[in-house]
Amino acid sequence: MKQRQQFKRLFEPVRIGQMELKNRIVMLPMENNYATEDGSVTERLKNYYRERAREVGLVGIQITCIDSPVGKGYVYQLCIHDDALIPGLSELVQTIHDSGAKVYIQLHHAGANARGQDIVAASPLPLLPSSVIPKELTVSEIKDIILRYVTAAERAKKAGFDAVEVVASGNYLVWNFLSPTWNKRRDEYGGDLRGRARLFIEIIHAIKAKVGESYPVTCRLAIGEYGVEGGLTVKEAQQVVQMARDASLDGVTTTAIGDGSTVPDYPGALLSLSTAIKQVVTLPVTTAGRMDLEVGERALEEGKADLVGIGRRLLADPGYVAKAASGRFDEITPCIACMVCIETSLLRNVPLRCAVNPACGLENEYKLIPADKPKRVMVVGGGPAGMEAAIVAAQRGHQVTLYEKEPRLGRQLIVAAIPPNKDKIESLTTHLTTQVRKVGVKVELGKEVSRATVEAAKPDTLVLATGIENIIPDILNIDEANVAFAEDVLTGRVEVGIEVAIIGGNLVGCETAEFLVNRGMKVTIVEILDRLATKMNPLLAMRLLDRLTKRGVIIVTGVKHEEYKDNTLVITTKEGAEKTIRADTVILAAGSRPNTKLLQTLEGLTSEIHSVGDCVEPRNFTEAIAEAFNIGRTI
Ligand SMILES: Cc1cc2nc3c(=O)[nH]c(=O)nc-3n(C[C@H](O)[C@H](O)[C@H](O)COP(=O)(O)O)c2cc1C
Ligand code: SF4
């Protein structure tokens, strides 16, 4: 196949120790909270992997707990601490082998990242000031944990896994020992690099001694701590890998450590890490970090890695590898780096969701089934929800027409892609608009739909995705000429003055503030609540607020707005004092309400009517897309 020629190196076989792989593409392990509460394999987990294992050479099973409950990091984390779990794990292996890939399982102890109060670590240092202080492990407790790694590896081998991987990343136990920031011990498991690496090396030695030299043992190694001082340096990581190689390690996957928003996130951004490891060992090295097949192929050609790991792209589109390898790039649902997967699985401890792929983790339940009886479907509103509903309905065989009052499709997605660091959203807009046309949806642009339009079209089913109406706060003189909605400012429909006040400090207000402060405006955000960004992913919110403060954005919370006159916003502070803020332009980002204007005119129509997305309740586009997908698959 022509495209496979383009990815010649990626599709070459490779070996990791005794494990032979059909190609050099690895599905990276991603904790998903799809196991049961006691850590057993579920049908959901098997379906998730089955869907993604077909084209890759190797699948990495997520962090799997070897010491529950003390070392368990997530509520629905997979476990391997008990023989009773082996049959389920064998079924998981079989599922992946049936898809044609080899599979390794990550052996994991969460250390100070574990849940509960009885947590353990190298030293009694809480990960965050508000975290539980972990108990410092004694030497005999360390020996016991090493044994648990060994028995877990034996179980993995019994279950049929082709290899095991020791997790030395993510601020979990092994990394915690390796890192000079977290390991302050003075005994043989602390101090210099050899001491800090002792736990890691002893685990590898002990596993190899028990399961046999020929059974592959790999590691996931984090190098450097992005956004934090200290951490394992590249030079130290090179030495650690050399020590591990001497203990018979078979392969390494390199990774970075950071809170997800400090680690650079573009294809090839972390190639220097795998390159550094390749400089000192001949072991096969897998590179990870927003890799795609194009950059991956180049990395292999240039000797910067031996295998290429793909993570989130496979969440967003399980068919990513097959589509890219056959040149069907426009069919790939893009990962937009929004962190919803991390927020759900790792931060909120609920089953992983992907913003752009509602079927992630629901592969069987959400399989698209052709419609029994094709219907004429009219979709009103060309934002993410409208496009998704139209695409899915058309894929099932319905005859779909999509109406959008603006001259192009996208709506809120277009606006959402404008603030700094949000440009990846553009790829989703492009993808959805391309799919709309590819699946044969008829598109009517620049057409405002009224009751008369619906009556004339006589659809069997009407899907309303009419979006939102902006809320205008109750402020005296708010209808002045120099007052604008955030959306109009972001899209450039309205020019603003040098000094601006933004009313509303949630996502839109904060992002608009960053957009304007980067353009040299003097920005004040006024918010009636006591905190900003309350509806945002907490990690992203923290970073965004940090950037705003550093750029000099003034933030006033807990206020009552009163009046806007003579280029001045008058507010009452939470202390009850009156304060004036100079504002050439007042920008409204005070929230939105469902736009139900059309719905209210439709009483008595015979069509089946569904509302989806923000016109039901304004939320983020994860919910809008999921709701639209569901309507599309059921009408
Ligand atoms: C939701 C989520 C869960 C993750 N869980 C794990 C894990 O269990 N083990 C691990 O080594 N890395 C884990 N990672 C890191 C990924 O393996 C990968 O290194 C990272 O996502 C970067 O690759 P990508 O840009 O291709 O997604 C996780 C990443 C995400 C997004
Ligand atoms: S689109 Fe968002 S939720 Fe989906 S994989 Fe990418 S970052 Fe995760």
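This is a predicted model: local features need pLDDT of at least 70, side-chain atom pairs count only at pLDDT 80 or more; totals for chains, interfaces and linings use all residues.

Q: What takes up the space of the largest cavity?
A: The largest cavity holds about 80 Å³ of space. A molecule sits in a cavity if more than half of its atoms lie within 2 Å of its grid points. The space in question is the one taken by ligand 2.

Q: Which residues lie nearest the centre of the largest cavity?
A: The lining has 13 residues, divided into 11 nonpolar, no polar and 2 charged. Helices α11 and α13 each supply at least two residues of that lining. Nearest the centre are C335, C338, C341, C354 and A355.

Q: Which helices each supply at least two residues of the shell around ligand 2?
A: The residues around ligand 2 include R312 and L315, along with V340 and C341. Residues 312-316 make up α11, and 340-347 make up α13.

Q: How many charged residues does the shell around ligand 2 have?
A: Arg counts as charged, whereas Met and Val count as nonpolar. By class the shell has 11 nonpolar residues, no polar ones, and a charged count of 1.

Q: Which strand gives the largest share of the lining of the second largest cavity?
A: This cavity holds about 60 Å³ of space. Its lining divides into 6 nonpolar, 4 polar and 1 charged, and G251, V252 and T253 are among the residues there. The largest share is 3 residues, and it comes from residues 251-257, which form strand β10.

Q: Is D306 buried or exposed?
A: D306 lies in the loop between α10 (293-301) and β12 (307-310). Not counting residues up to four places away in sequence, D306 touches R24, K278, L283, P284, V285 and L300. Its relative accessibility is 16%, and the cut-off is under 20%, so D306 counts as buried.

Methods. Residues are numbered from 1 along each chain as its sequence is written. Chains are lettered from A and ligands numbered from 1 in the order in which they are written. Side-chain values use heavy atoms; hydrogens and water are left out. A residue is near a molecule or strand if one of its heavy atoms lies within 4 Å of it. On a 1 Å grid over the protein atoms alone, a cavity is a set of points where a 1.4 Å probe fits but cannot get out, and a pocket is an open set with protein on both sides within 12 Å along at least five of seven lines; lining residues have an atom within 4 Å of a point. Helices (H or I, at least four residues) and strands (E, at least two) are DSSP runs, numbered from the N terminus. Grid points are joined across faces, edges and corners, and a volume is the space filled by probe spheres set on the points. Buried means under 20% relative accessible area, exposed over 50%, partly exposed in between (1.4 Å probe, protein chains only). Contact means heavy atoms within 4.5 Å.
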